[in-house]
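Please look through the structure below with this report beside it, taking the strands, the aromatic rings and the surface in turn.

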Amino acid sequence: DGYIWVNRIIDYRGGEKYAIRQIHPNLSHTEGQWLSTFTTDIKGNRPYEVELNGIKERGELYFEYYFKKLNSDKIAHKMSFAKLYKPFDWVVATGVYLDDVDELVSSEISNMENTLRSQRVYTIAIAAVVLLVSVIILIHFERQISRLIVSFEGDIDKYTSGLIEEKE
């Protein structure tokens with residue numbers, strides 16, 4: 001639900017008619033209207049004043065306030081970025097609603113946890129297969145070695161018996 005809006009600054013000192021709203025997809029019915037640095041949000045913040053001061057000091061800023069969500073009457077905590085386009089005294093801005101970010105983060109955490117669980121299952125399965133193959137190989141080698149030892153013992157017994165008979 002992201003969008004860009006543009007306000008044109010008329011008076012850098014602020015006040016009742018400091019700027020005119022040029023473009024605002026969330027409030028298109030207010031395009032062409034005056035803006036005031038005295039306007040407050042539901043928490044008493046003065047976002048237009050904060051924006052104007054940041055623009056004057058640095059030419060751009062990030063700032064937070066509460067604003068109506070796009071295509072809704074719900075008011076939500078918002079973080080915006082605004083930058084001055086000096087040739088036209090435009091403040092070009094965009095923002096993100098922090099509850100949307102929280103939902104995205106929760107969704108991504110859930111996806112990562114699901115991936116982690118499935119990776120653990122795959123890892124355990126692979127480790128079990130490797131362990132099983134290793135045990136089978138060890139049993140096979142142990143049997144081979146046992147056969148060789150038994151064979152050598154038989155050869156030694158024959159040789160020893162032959163030596164004993166020869167000595168007798």
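## Strand pairing

Strand β5 (residues 75-85) pairs with β6 in the antiparallel sense over eight bridges, where two strands pair if DSSP finds at least two bridges between them, and helices (H or I, at least four residues) and strands (E, at least two) are DSSP runs, numbered from the N terminus. Within this pairing, S80 has G95 in β6 as its bridge partner. The hairpin of β5 and β6 has four residues between the strands, and in this hairpin D89 takes a positive phi near 55 degrees.

Strand β6 (residues 90-97) is also joined to β1, by five bridges, and these two run antiparallel. Here the bridge partner of W5 is A93 in β6.

## Basis of the model

This is a predicted model, in which local features need pLDDT of at least 70 and side-chain atom pairs count only at pLDDT 80 or more, while totals for chains, interfaces and linings use all residues. Residues are numbered from 1 along each chain as its sequence is written, and side-chain values use heavy atoms, with hydrogens and water left out.

## Aromatic rings

The structure holds eight aromatic pairs (rings of Phe, Tyr and Trp, the last by its six-membered ring, pair if their centres lie within 6.5 Å; planes under 30 degrees apart count as stacked, over 60 as edge-to-face and the rest as tilted). The rings of Y18 and Y48 have centres 6.4 Å apart and planes at 50 degrees, so this pair is tilted. The pair links distant parts of the chain, since Y18 is in the loop between β1 (4-9) and β2 (19-23) and Y48 is in helix α1 (residues 47-58), 30 residues apart. Both Y18 and Y48 are buried (under 20% relative accessible area, with exposed over 50% and partly exposed in between, for a 1.4 Å probe and protein chains only).

Y65 and F67 form an edge-to-face pair, with 6.0 Å from centre to centre and 80 degrees between the planes. Y65 counts as buried because its relative accessibility is 5%, and F67 counts as buried at 16%. Together with F63, Y65 and F67 form one aromatic cluster.

The charged end of K43 sits over the ring of Y66, 5.3 Å from its centre (the criterion is NZ of Lys or CZ of Arg within 6 Å of the ring centre and within 35 degrees of the ring normal).

## Helix α2

I145 lies in helix α2 (residues 98-167). At 49% relative accessibility, I145 counts as partly exposed.
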